[in-house]
Amino acid sequence: AGMPGRVYSIFDNPNTFAQVLLLLLPLVLALIITARRWQWKVVCAGIFCVGGMAMAMTYSRASWVGLALAAVVFVILWNSKLIPLGIVVALLGLALLPDTVFHRILTIFNTSDTSTSSRFPLYRAAAAFLQQRPVLGAGLGSDAVRQSISDLNLFHGKDHFVHCHNIYLQVWCETGLVGLISFVGGILWTVKQGAKAVFHKQCDLVVRMAVIGGVSALLGGLLCGMADYLWNYPRVMLIFWFVCALALAGIRLAGQENRAGESKET
């Protein structure tokens, strides 16, 4: 109630637009820090501010929570001494939020909210399907899961079943248990290696910030994925794996720099 409308840009859906912003805003922040000329810092800061305002106007709660986690991870990996300042800034930010945004945040745990309650039949259908095919899944693609759930008559919600509205359930339903473990394990390995890389003293600033931006965006996306399926649109899937590839490239470059520095010392 009272929400003026949700922006969605060229993505047909405000949640999809918010997911794009969630994955890219940490990289823009990394650009602000690494830009060598003040003119480019101003340009990147302007892009970040416009993107941040657009994120607020999507009214996408899952992406807001994901972006909050991404910000926390970014600060911890960049300079953990800034955590107290970050807490103060966050509290001030909450106080200055428009009423429509603040009221939208308060509905996150409101199970009577129609957007929230509509997900429960999807989760129940996915859980019922996984009880029957936990290891192999239905096959790649949302269509395969949708058709299997329809054939087994597992969905009993008001709307039609499109996807699981949860990236973990969707990956599990499509690829089975091995696919889920591979996906989660691969991303967590990337995060672990990224954290090790950025804390090494030989790591170049540009490489370090690329890894920090990528890792924080991935973790934010994984948290958002608990309430949304990020890969419903191929464009978002492409951006997700681009961010992952950027983080992996930074990890590899950091490893080369670290080995080169260690060989010089010996």
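Biologist: What makes a contact here?

Modeller: Contact means heavy atoms within 4.5 Å. Take contacts in the chain between residues at least 6 apart in sequence: 75% of them join residues at least 24 apart.

Biologist: What kind of model is this, and how are residues numbered?

Modeller: This is a predicted model, where local features need pLDDT of at least 70 and side-chain atom pairs count only at pLDDT 80 or more, while totals for chains, interfaces and linings use all residues. Residues are numbered from 1 along each chain as its sequence is written, and side-chain values use heavy atoms, with hydrogens and water left out.

Biologist: Which elements does the chain have?

Modeller: The chain has 11 helices and zero strands. Both are DSSP runs numbered from the N terminus: helices are H or I with at least four residues, strands are E with at least two. From the N terminus on, the order is α-α-α-α-α-α-α-α-α-α-α.

Biologist: How do you know that the radius of gyration agrees with a compact globule?

Modeller: The radius is taken over C-alpha atoms, and the globule rule is 2.2 Å times the number of residues to the power 0.38. For 266 residues the rule gives a value near 18 Å; the chain has 20 Å, so the two agree. The C-alpha trace spans about 65 × 45 × 30 Å along its principal axes.

Biologist: What about Cys-173?

Modeller: The closest cysteine sulfur to that of Cys-173 is in Cys-164, at 4.0 Å, which is also too far for a bond. By this rule the count is zero disulfides.

Biologist: Why is Cys-173 called buried?

Modeller: Buried means under 20% relative accessible area, exposed over 50%, partly exposed in between, with a 1.4 Å probe and protein chains only. Cys-173 has 0%, so it is buried. Cys-44 has 10%, so Cys-44 is buried too. Of the 266 residues of the chain, 42% count as buried.

Biologist: Where is Tyr-59, and is this residue buried or exposed?

Modeller: Tyr-59 is in the loop between helix H2 (38-58) and helix H3 (61-79). Its relative accessible area is 5%, so Tyr-59 is buried.

Biologist: What does Tyr-59 contact?

Modeller: Leaving aside neighbours within four places in sequence, Tyr-59 is in contact with residues including Met-3, Pro-4, Gly-5, Arg-6 and Trp-64. Tyr-59 and Arg-6 are 53 residues apart in sequence, yet their C-alpha atoms are 6.2 Å apart in space.

Biologist: What is the phi of Tyr-59?

Modeller: Most residues other than glycine have a negative phi. Tyr-59 is not a glycine, but has a positive phi of about 55°. Asp-12 is not a glycine either, and has a positive phi of about 70°.

Biologist: Why is Asp-12 called exposed?

Modeller: Asp-12 has 58% relative accessibility, so it counts as exposed. Asp-12 is in the segment before helix H1 (14-34).

Biologist: What makes Asn-166 buried?

Modeller: Asn-166 has a relative accessible area of 10%, so it counts as buried. Asn-166 lies in the loop between helix H8 (142-151) and helix H9 (167-198). Not counting residues up to four places away in sequence, Asn-166 touches Tyr-123, Gly-225, Met-226, Asp-228 and Tyr-229.

Technical notes:
Disulfide = S-S within 2.5 Å.
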